[in-house]
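I wanted to look up where the ligand sits and what surrounds it, and I kept my entries in the order in which I checked things.

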Amino acid sequence: MATEQTYIMVKPDGVQRGLVGEIIKRFETRGFQLVALKMVHASVEHLEEHYKDLKGKGFFPGLIKYMNSGPVVAMVWQGKDVVKQGRVLLGATNPLASAPGTIRGDFAIDVGRNICHGSDSVESAKAEIALWFGQDGTISYSRAVDAWIYEVS
Ligand code: GDP
Ligand code: MG
C-alpha cells in the first residue's frame with residue numbers, strides 16, 4: 001500500500017511562475033515521500049509519447065508546444081493511495097472547476113496553463129514513471145516519520 005507511486009510534473013508555466021517549491025511542499029506536508037526528481041526540457045517526441053492518448057484532440061498541437069516551451073520538473077511521489085490523492089491535490093483539469101485549496105484552484109485560471117500534471121491511474125503512473133525515469137529509476141529509502149504518518153496495527 002505505501003509503495004504506490006505516481007508521476008507528478010510541474011509544467012513550464014509552473015516553473016516560470018516560481019511554483020516548484022509550493023507544489024513540492026503540498027505533497028511533502030501531506031506526508032507523501034519524494035522518490036525521484038529532475039528538471040528536463042522535454043523533446044516534442046517525448047511529449048507526444050507522454051500525451052499519446054490525447055492525439056487527435058484539437059488542443060493537442062498547442063499542448064505539445066506549451067509543454068515544450070521550457071523546462072519541467074519531473075517527480076515521483078510515493079505513499080498510500082498517492083495516485084488518487086495526487087489528483088485531489090492538483091484539482092480538476094480545468095482550473096475554473098478546481099476547488100480553492102487545490103494547486104490548480106489556487107494558482108491557475110486557463111485549462112491550457114494549468115501548471116501541473118498528475119497520473120490518472122496506477123497503470124498510467126507506471127507507464128509515465130518508465131517514460132520519464134526509465135534509466136534513472138526511483139530511490140528506495142526509509143523514513144522514521146512514516147511511523148507518525150501511517151497507523152501500523
Ligand atoms: P489532466 O490529466 O488533468 O492533466 O487532463 P487531461 O489528461 O485530460 O489533459 C492533459 C492536459 O491537456 C491538461 O492538463 C491540459 O493542460 C490540456 N488540456 C486538456 N483539455 C484541454 C482543453 O480543452 N483545452 C486546452 N487548451 N488544453 C486542454
Ligand atoms: Mg491526464
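These entries cover the conventions, the pocket and then the ligand.

I am working with a predicted model, in which local features need pLDDT of at least 70 and side-chain atom pairs count only at pLDDT 80 or more, while totals for chains, interfaces and linings use all residues. Residues are numbered from 1 along each chain as its sequence is written, chains are lettered from A and ligands numbered from 1 in the order written, and side-chain values use heavy atoms, with hydrogens and water left out.

I looked up the largest pocket and found a volume of about 700 Å³. Its lining has 26 residues, with H50, Y51, L54, L63 and H117 nearest the centre. By class I read nine nonpolar, eight polar and nine charged residues in this lining. I then asked which elements supply at least two residues each, and noted α3 (44-50), α4 (60-67), β4 (116-118) and α7 (122-133), with α7 giving the largest share, four residues.

Next I checked ligand 1, and the space that it takes is the largest pocket. The residues around ligand 1 (a heavy atom within 4 Å) include K11, Y51, L54, F59, L63 and R87. I counted this shell by class as five nonpolar, three polar and three charged.

For polar contacts (pairs of N or O atoms within 3.5 Å), I noted an oxygen atom of ligand 1 at 2.5 Å from a side-chain N or O atom of T93, one at 2.8 Å from such an atom of N114, and one at 3.3 Å from such an atom of R104. The protein covers 72% of the 540 Å² of accessible area (Shrake-Rupley, 1.4 Å probe) that ligand 1 has on its own.

Key. 1 Å grid on protein atoms, 1.4 Å probe; cavity = no way out; pocket = protein on both sides within 12 Å on 5 of 7 lines; lining within 4 Å. Points joined across faces, edges and corners; volume = space filled by probe spheres on them. Nonpolar A, V, L, I, M, F, W, Y, C, P; charged D, E, K, R; others polar. Polar contact = N/O pair within 3.5 Å; in protein donor to acceptor, adjacent residues only side chain to side chain. Sits in = over half its atoms within 2 Å of the grid points.
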